[in-house]
Amino acid sequence: MITWMQRHKKYLVVTIWISTIAFVGAGFVGWGAYDLNKDRAASVAKVGHRSISVQEFQSAYANHFALYNNLLGGKLTQEQAEQMGLDKIVMQNLINQSLMLNYADEIGLLATKEDVKERLVNTPNFQNNGTFSKELYYSILKANRINPSDYEKSLEKEILYAKLEKAFKLPATQKEIELFTSAFFMEDRLSIASVTLEPNEVNVNEEQIKTYWDAHKSNYLTKKSYLIDLITIASSDAKVDPKELEEFYAQEKHNYTHQDGKLMSFDEARDALLKDFKLKGDKKTALETYLAFKKGETNATETKTIYDDDAAFPVDKIQTAAKDEVLKPFIVDNRYVVAKVKEIKFPEPMPYELAKKEAAKNLLDELKSAALEKKAQARLDTFNGTDIGFVSRDSVKSIAGLNEAKSTEFLSHVFDNTAKKGYQVIDGKAIVYEILEQKLLNNDKAKQYVSMISENVAQAKQTDLNQNLIKKLATIYPIEQYYKGK
């Protein structure tokens, strides 16, 4: 997972170049070492005349974490984020933004109060029936613990950057569109053949497995776990006053939306409202229990071991906790829970017997892959395959019995390599191929995708311009970084 994130981080960061404060309830703390000298305490860095506040850093970190976590199906842990250096990625991104904003200031670009006002009144989340609601605006910010002035400052930066980007916007030329179309939609006429292994062609024995495990012990670790004491607060069984529930809906309805972003009606949101209203009532009891537990005036009702990848438990609540720390109440299965971290067990090498099964599989996979490559390489010298006609990067067809996703992976390999002949080991077999003929420009596809190609050309040019401009600006505006990282 970490390898995947490292490989893709340079592309993903571009997607959140400038972003307003996100409405994410991420309480990230413990950001590393700071230079807390006088007025530096409120900032993580200063670029030119612009400071980067601790709050900006925390918000940007939360946005980046949420993006990666979403891409990985909610499985990203704080520990994994640290391993990939997410805080350093965020810091560099904020410094780059500030360099660009310094330049915008220097050439006289401004984000006026009217610009900010226009952006606010046209934000759907702040509208009731299509009209901006000041009450809803302040309510949403308050619910997310965001100061309105901080939010509006973040909007100013976003608007200013958008103006700078517009000033440097480089349209795609016809020649560039043709070149990109050739690159995207080049067609190869392929001859292919599948190379497979016989069922028992590759085997492993006990001695090989043990030797392999001994050389790769660090890859077979136990999961990080936490032994915690728990108190689960029983849900209130008191009847809910319908009027109070309607008042609760009026205050919180911005939290109840359909997938398309439209607000739910009271009846549509009723079940979720009842759950949240009861939780709101239980919060006082949960806080009282937390204080009593912290003072040692009440005992835990359950002791449980939680693993770092436990999807049924909000592990992020305990990952940053210290041993013997009592955590503030949080919600598990629609009930408040108070927890104390009794013990933290860090990953350690598994004994051979526990790692044997996984090690045997990994060794067998490696040996099979090597054997397939050897057979595929030998097949290349006397290759005679089946002509499957012309294909392109976006071809939707099964190749050599592969499913659509694996076929796409194979085609990406073909078009990313320059050799006329080659092979790829994929899905338990090697696909050997030879390019018989090429077509550089497909005029039909050029017309069909002209808009998409133009956008890609413009984005590539903009990215190249930004990168070179940032390198230059870094030599002009002094950078002071107070955040030292983890």
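Modeller: Begin with pairing: two strands pair if DSSP finds at least two bridges between them. Helices (H or I, at least four residues) and strands (E, at least two) are DSSP runs, numbered from the N terminus. This is a predicted model, in which local features need pLDDT of at least 70, side-chain atom pairs count only at pLDDT 80 or more, and totals for chains, interfaces and linings use all residues. Residues are numbered from 1 along each chain as its sequence is written, and side-chain values use heavy atoms, with hydrogens and water left out.

Biologist: In strand 2, which residue is the bridge partner of A45?

Modeller: The partner of A45 is I52. Strand 1 and strand 2 (residues 50-53) are antiparallel and pair over four bridges. Their hairpin has two residues between the strands, and G48 there takes a positive phi near 60 degrees.

Biologist: Over how many bridges do strand 1 and strand 13 pair?

Modeller: Strand 13 (residues 479-481) pairs with strand 1 over three bridges, in the antiparallel sense. Here V47 has I479 as its bridge partner in strand 13.

Biologist: Why is strand 1 described as largely enclosed by the rest of the structure?

Modeller: Buried means under 20% relative accessible area, exposed over 50%, and partly exposed in between (1.4 Å probe, protein chains only). Four of the five residues of strand 1 (residues 43-47) are buried, so the rest of the structure largely encloses this strand.

Biologist: What is the strand order in the open sheet of four strands?

Modeller: The order is 7-6-9-8, with antiparallel pairing. Strand 7 (302-307) and strand 8 (326-332) are the edge strands, as each pairs on one side only. Direction ignored, neighbouring strands of this sheet are turned by 40 degrees against each other on average. Five bridges join strand 8 to strand 9 (residues 335-345) in the antiparallel sense, and V326 has K340 in strand 9 as its bridge partner.

Biologist: Which helix packs on this sheet?

Modeller: Two terms come first. Contact means heavy atoms within 4.5 Å. Axes are lines fitted to C-alpha atoms, for helices over the stretch in contact, and angles run from 0 to 180 degrees between N-to-C directions. Helix 11 (residues 270-294) packs on the sheet and touches strand 6 (225-232), strand 8 and strand 9; the direction of the helix makes about 35 degrees with that of strand 9.

Biologist: Is H254 buried or exposed?

Modeller: H254 has a relative accessible area of 14%, so this residue is buried. H254 is found in the loop between helix 10 (242-252) and helix 11. Leaving aside neighbours within four places in sequence, H254 is in contact with L136, S139, I140, A143 and L263.

Biologist: How many aromatic pairs are found in the whole structure?

Modeller: Rings of Phe, Tyr and Trp (its six-membered ring) pair if their centres lie within 6.5 Å; planes under 30 degrees apart count as stacked, over 60 as edge-to-face and the rest as tilted. The search finds 13 aromatic pairs. One of them, F57 and Y61, is tilted, at 6.4 Å centre to centre with 45 degrees between the planes. Both residues lie in helix 2 (residues 54-71), four residues apart, about one turn of the helix. F57 and Y61 are both buried. F126 and Y137 form an edge-to-face pair, 4.9 Å centre to centre and 75 degrees between the planes. Both F126 and Y137 are buried.
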